[in-house]
Amino acid sequence: MRRESADALHSLATPFTPQRAALIGLGAEHHDPVESSLEELARLVQTAGAIPVLRILQERSRPHAATFLGRGKVKELGKACKEHKISVVIADGELSPAQRGNIEDIVQCGVIDRTQLILDIFARRARSSEGKLQVELAQLRYLLPRLIGFGQVLSRLGGGIGTRGPGETKLETDRRRIHRRLSVVQRQIEHVRRRRAQLRARRTKRQLLTVALVGYTNAGKTTLFNRLTGDHAVASDALFVTLDPLVRRLRLSDRRTVLCSDTVGFLDRLPHTLLAAFRATLEEVADADLVVHVCDSSSPFKDEHSKAVQEVLTEIGADMVPCVVVWNKSDLITREESRRIGLREPGSVCLSAIDAASGPVALRVIEKALKRTAAGFHYCETGRTA
Ligand SMILES: Nc1nc2c(ncn2[C@@H]2O[C@H](COP(=O)(O)OP(=O)(O)OP(=O)(O)O)[C@@H](O)[C@H]2O)c(=O)[nH]1
Ligand SMILES: [Mg+2]
């Protein structure tokens, strides 16, 4: 990545001067998943504090090896960027260092890819030291194979004058610095994982059941979590509002208590580096007794989103955990749609988490689903209370 791209990424975060962005993607126009993908990229761009001004789609089955879009299309993009005063181009995919450099040479402004954009959002959202460590791990892993051309950008990672050994190139020093930092961060995350595993073991010993709310970002997980637990966690109409997992006690109708967790939302094509880095957080989901999959029933892309969530669950080893689906935002669809959706999976329900009446409804669904799980059956048989 060159200077322009580093600056472009940096300035996306400048609160007072929102960047004007051009979004580029591949696929047939009017083909829904592509439209939805660019639409989602536009929301991510807004979440990062920039304005999506232009969208350019090119019908291609594969990215152009040198320029992502075809060369002619990139030239068109260059003209459009000048005309619309665009300062950053964002690709709906991953760019190689060569593709990034070539596009930059033609459009004469910063170029970043979807993964970098998501990493940037995560970096700004991370509050806890654990969250910050996980984001840093993902950023370092993203950076390592793309070092060529980063130049001065890495200076913030430490080192500086005197760090370069005799005869050593800048690239080698950068690489060594990143490797060093990587092993420090990995050690710290390993420490966090061990602590979390101990906590989980303690819960298992006390036979405390855990219920994990999962779902596509912005589906309403935190709103439902607050409704169920009486908490006041931040829920808002933006992507990845929640990053750090929250665990609260949830009282069942028979006065027994289980633990309920809310965690980071999922996304289609969530960068692998992020998933791997968030393993410590996501192990909480894989270790739960019940997964509550919260879906936005009003989204035109609900099936694609459900599929993306299933894929992430499989990737984090949570696909074997018993799961119940809660179709949220029923206030935004018709009664008939709501009835039809509610019948799709056994045990699922359609509700609106912004409505106070949804709390007891969701609780009943969770209780029923818990009783169907082996751990829940044992729990009811032994009659333990927390
Ligand atoms: N109309 C309507 N809006 C809802 C409902 N539930 C949640 N919302 C809104 O949807 C937006 C996202 O809600 P959150 O609870 O933050 O969603 P989330 O799944 O936790 O999102 P992330 O943490 O960002 O992944 C907020 O503006 C909520 O007010 C609902 O049942 N109906
Ligand atoms: Mg949330």
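Me: What share of the 386 residues in the protein is buried?
Reply: This is a predicted model. A residue counts as buried if 20 or more other C-beta atoms lie within 10 Å of its own. Of the 386 residues in the protein, the buried ones make up 41%.

Me: How many helices and how many strands does the protein have?
Reply: Helices and strands are both present. The count is 14 helices and ten strands.

Me: Among contacts between residues at least 6 apart in sequence, what share joins residues at least 24 apart?
Reply: Two residues are in contact if their C-beta atoms lie within 7 Å. Take the contacts between residues at least 6 apart in sequence. The share that joins residues at least 24 apart is 69%.

Me: Which helix gives the largest share of the shell around ligand 1?
Reply: The shell holds 23 residues, and the closest are Gly220, Thr222, Ala235, Thr242 and Gly265. By class, eight are nonpolar, eleven polar and four charged. The largest share is three residues, and they come from residues 221-229, helix H8.

Me: Why is H8 largely enclosed by the rest of the structure?
Reply: The buried residues of H8 are Lys221, Thr222, Thr223, Leu224, Phe225, Arg227, Leu228 and Thr229. Their cover includes strands S5 (210-215), S6 (246-251), S7 (257-262), S8 (290-296) and S9 (323-328), and helix H13 (358-372). H8 is largely enclosed because the buried residues number eight of its nine.

Me: Which residue follows H8?
Reply: Its phi is positive, near 75 degrees. The residue that follows H8 is glycine 230.

Me: How is H8 placed against H13: roughly parallel or roughly perpendicular?
Reply: The two helices pack with their axes 9 Å apart, at an angle of about 90 degrees. Angles of 65 to 115 degrees count as roughly perpendicular. Therefore H8 stands to H13 roughly perpendicular.

Me: Which residues of H13 make the contact with H8?
Reply: By class, the contact of H8 with H13 has four nonpolar, two polar and one charged residues. H8 brings Leu224, Arg227 and Leu228. H13 brings Ser358, Gly359, Ala362 and Leu363.

Me: Which strands stand at the edges of the six-stranded sheet?
Reply: This open sheet has mixed pairing and the order S6-S7-S5-S8-S9-S10. An edge strand has a single partner strand, so one side of it is left without a neighbour in the sheet. The edge strands are S6 and S10 (349-350).

Me: What angle does the direction of H13 make with that of S9?
Reply: H13 packs on the sheet and touches S5, S8, S9 and S10. The angle between the directions of H13 and S9 is about 165 degrees.

Me: How many bridges join S8 to S9?
Reply: These strands run parallel. Valine 291 stands opposite cysteine 323 in S9. The number of bridges joining S8 to S9 is six.

Me: Which residue in the turn between S6 and S7 has a positive phi?
Reply: S6 and S7 pair in the antiparallel sense over six bridges. Valine 247 stands opposite serine 261 in S7. The two strands form a hairpin with five residues between them. The positive phi, about 75 degrees, belongs to arginine 255.

Me: Is valine 258 buried or exposed?
Reply: Valine 258 lies in strand S7. Beyond its neighbours within four places in sequence, its contacts are Leu208, Leu209, Thr210, Val211, Leu250 and Leu252. Valine 258 has 22 C-beta neighbours inside 10 Å, so it counts as buried.

Me: How far apart in space are valine 258 and glutamine 207, C-alpha to C-alpha?
Reply: In sequence, valine 258 and glutamine 207 are 51 residues apart. In space, their C-alpha to C-alpha distance is 9.3 Å.

Me: Which strands stand at the edges of the four-stranded sheet?
Reply: This open sheet has parallel pairing and the order S2-S1-S3-S4. Each edge strand has a single partner, so one of its sides lacks a neighbour in the sheet. The edge strands are S2 (51-58) and S4 (110-113).

Me: In S2, what is the bridge partner of leucine 26?
Reply: Strand S1 (residues 20-26) pairs with S2 in the parallel sense over seven bridges. In S2, the partner of leucine 26 is glutamine 58.

Key
Residues are numbered from 1 along each chain as its sequence is written. Chains are lettered from A and ligands numbered from 1 in the order in which they are written. This is a predicted model: local features need pLDDT of at least 70, side-chain atom pairs count only at pLDDT 80 or more; totals for chains, interfaces and linings use all residues. A residue is near a molecule or strand if its C-beta atom, placed from the backbone, lies within 6 Å of it. Ala, Val, Leu, Ile, Met, Phe, Trp, Tyr, Cys and Pro count as nonpolar, Asp, Glu, Lys and Arg as charged, and the others, Gly among them, as polar. A residue is buried if 20 or more other C-beta atoms lie within 10 Å of its own, exposed if 12 or fewer, and partly exposed in between; C-beta atoms are placed from the backbone. Two strands pair if DSSP finds at least two bridges between them. Axes are lines fitted to C-alpha atoms, for helices over the stretch in contact, and angles run from 0 to 180 degrees between N-to-C directions. Angles under 35 degrees count as roughly parallel, over 145 as roughly antiparallel, 65 to 115 as roughly perpendicular and the rest as oblique.
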